[in-house]
Amino acid sequence: MSDPVEVEQMSETKPRKMALPTSLDKDAIREAYEDVRSNLSDHEWAVFKFDGLKIVCSAKGQGFEEFCSEFHDDERAFGYIRIQMGDEMSKRSKFLFLTWIGPEVGVMQRAKMSTDKSIIKDVINNFAVELQVETSVDLDLEMFKAHLNKAGGANYGTGVREL
């Protein structure tokens, strides 16, 4: 039988599991971010997902439905989208940063999102609204526009007064 001191020493040398830090593909993320921000680009959005422990740009594109189709129930992701706002008197682009945590994502991965979000926000740092969404029902263009209107201040309407 082993001596209790030996057993205690053996357990001290056993390696502990440590959470590995998340990293970024900074160049690809910055390129996608600047592409979405550019008025010369057709890309309206970019989605960033986890490839192991690294956040990468997984897709860029046009159209809100295509943007929404990038988010799945069993994954975590970030989205950056340009939405045309305004009325017939004034049009302007507004930007929204989205954190997606699908309903099937585990507790530990959910908890890690706040740290991971702070890492990606070192690159993606210019947006009017930031939202966290956890179900596909919440991927709603009208809700996004309402948040952007609220954050935008002046919303003048049609410019025509009814007498």
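Predicted model: local features only at pLDDT ≥ 70, side-chain atom pairs only at ≥ 80, totals over all residues.
**Notebook: the sheet and its helices**

I started with helix H5 (residues 141–152), which lies across E4, E5 and E6 and runs at about 65° to E4. Helices here are DSSP runs of H or I with at least four residues, strands are runs of E with at least two, and both are numbered from the N terminus. Contact means heavy atoms within 4.5 Å. Axes are lines fitted to C-alpha atoms, for helices over the stretch in contact, with angles from 0 to 180 degrees between N-to-C directions.

Residues are numbered from 1 along each chain as its sequence is written, and side-chain values use heavy atoms, leaving out hydrogens and water.

Next I looked up the strand order. Six strands make an open sheet, E1-E3-E2-E4-E5-E6, with mixed pairing. Strands E1 (23–24) and E6 (129–133) sit at the edges with a single partner strand each, so one side of each has no neighbour in the sheet. Two strands count as paired if DSSP finds at least two bridges between them.

Then I went through some pairs. E1 and E3 are parallel over two bridges, and Leu24 has Ile55 in E3 as its bridge partner. E2 and E3 run antiparallel, joined by seven bridges, with Asp51 opposite Lys54 in E3. They form a hairpin with two residues between them, and Gly52 in the turn has a positive phi of about 70°. E4 (residues 76–87) and E5 (residues 90–101) pair antiparallel over 12 bridges.
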